[in-house]
Amino acid sequence: MDEIRIGSRREPMWDDFLIDTEQTDTPLKLHHPVARDCAVFEEPWAQGSSPYMCVLRDGNRYLMYTDHPTGLICSESADGIHWERPGRGLVELNGSRDNALVAFTESGDGADSEPCAGHFDGFRAFVDNNPAALPEERIKAVANVNARLHVYVSSDGLRFRHVGPLSVPAENPGTPYDSVNTLFYDRRIGKYRVYVRDYFSPSNPADGIWIRAISTSESAELFPASGSWPKARYLRYDTPNAWQMYINSVMPYERADHMLVGFPSRYVIRREWTPNFDELCGREARLIRSGPERDHRLGLSVSDTLFMCSRDGLNFTRYPEAFIRPGPEHPKNWVYGSVYFSNGMFETAPTHPGCDPELSFYCMEGRFFPDPPEAWRYTIRLDGFASRTGVYPESNLVTKPFIFEGQDLFVNFSTSAYGHMRFKLKDTDGNSISSDETFGDSVDRRVRFSGDVGAFAGRPVILSVNMFDADLYSIMFR
């Protein structure tokens, strides 16, 4: 078997890529984020249903885009935590320009220039890292307009220009590309990737519904000479494809950008009113939404968010339990549209001073209850989506042979006071070095070995970890 070359890149422990599963008995454990604070849209011009949002970092500023019936609201932050919506005077609304709406202009290319402000669905923006990207188009976005994908470009993130439709044939030819689709440039392959909402037929046609799915395509050019991207393919999972999923929120993970992470919404529909609905929060509003003259899904459906990751963009490790649950019941949650995960996730200052930085991301909440819209910030430890966990009485992790570069091993780990990790590095000739007991909680701890780690660089090695009451999130040699 060929050795895996990891160089000095960070390797998360979220999948089995580096793991010798026959010799490893540390289970994979999914972790969950913590709701921290809420950005409330209190301005009169910001009222209305806002189910979708995205966040991007542009240099030393953060921009939060929120879909809105009157257009697109853009909030700003200097730290990714505290948000403002300054009056920019770009768009007139109800006779006033004192609002934070984003300006749109058309490209003037005839029939393909469809109206955009206030008519799109699922706006998703990103900073284009393509070296060939023009400065005036360094921020790009994709949105669904009239069942077609459309691309917008901007130099400042506040004024967007429509540049035309994005032709990505879905697996299902009837796909309307509604809700949220994701576009970004993947520097590893030198191509753009798109993840689109798709559908597939149910196993039982009598169900009378289409199953929500996610498919993907890639292209070196946004607008290839052929006029179309390659046909999108359904994502493949290591768990049975039994759930309805959409709002994929797939993106490169910044701290290890050879991996993609995704946070799809899982759509769950109950077919009829049961006694549990009488006890579930928001009963009266739920009854109204599921009435005979309404779409019954609006009262009987709920959603949560999953976590999945991939190394090639097509095959995903998908965790079956929810990454984010709807949470403790209150009058506005446990609805179709709970915890819609935003695109955009960034390293922010720690909640507790002196601790390691955290990852922050946002979820839009309060669908069907539009006044006022709320964007909740969640945090999780760096690399903290999942870990290899040491259980009682103790467990062992063993890697496949790999080749690294560097002089020391650094780990993102956590133990209890009694818990521990012991590391052993061995080459294929039988030479080895070991660590003493390692305990604590750090995203970047140097492991102290009995010998020179650098002496093992450049040749095949196996890392083994004996652990109890401990979590290993990622490793990195440097």
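The largest pocket is lined by 28 residues, and V127, N129, M251, P252 and E254 lie nearest its centre. A pocket here is an open set of points on a 1 Å grid over the protein atoms alone, where a 1.4 Å probe fits, with protein on both sides within 12 Å along at least five of seven lines; lining residues have an atom within 4 Å of a point. The model is predicted: local features need pLDDT of at least 70, side-chain atom pairs count only at pLDDT 80 or more, and totals for chains, interfaces and linings use all residues. Residues are numbered from 1 along each chain as its sequence is written, and side-chain values use heavy atoms, without hydrogens and water.

The largest pocket holds about 670 Å³ of space, a volume being the space filled by probe spheres set on the points. Its lining comprises 15 nonpolar, four polar and nine charged residues. β5 (53–58), β9 (121–127), β13, β19 (251–252) and β26 (346–348) each give at least two lining residues. Strands are DSSP runs of E, at least two residues long, numbered from the N terminus. β13 supplies the largest share, five residues.

β13 also belongs to an open sheet of four strands, in the order β13-β14-β15-β16, with antiparallel pairing. β13 (182–186) and β16 (233–234) are the edge strands; each has a single partner, so one side of each is left without a neighbour in the sheet. Strands count as paired if DSSP finds at least two bridges between them. Five bridges join β13 to β14 (residues 191–200). D186 stands opposite K191 in β14.

Conventions. Nonpolar A, V, L, I, M, F, W, Y, C, P; charged D, E, K, R; others polar.
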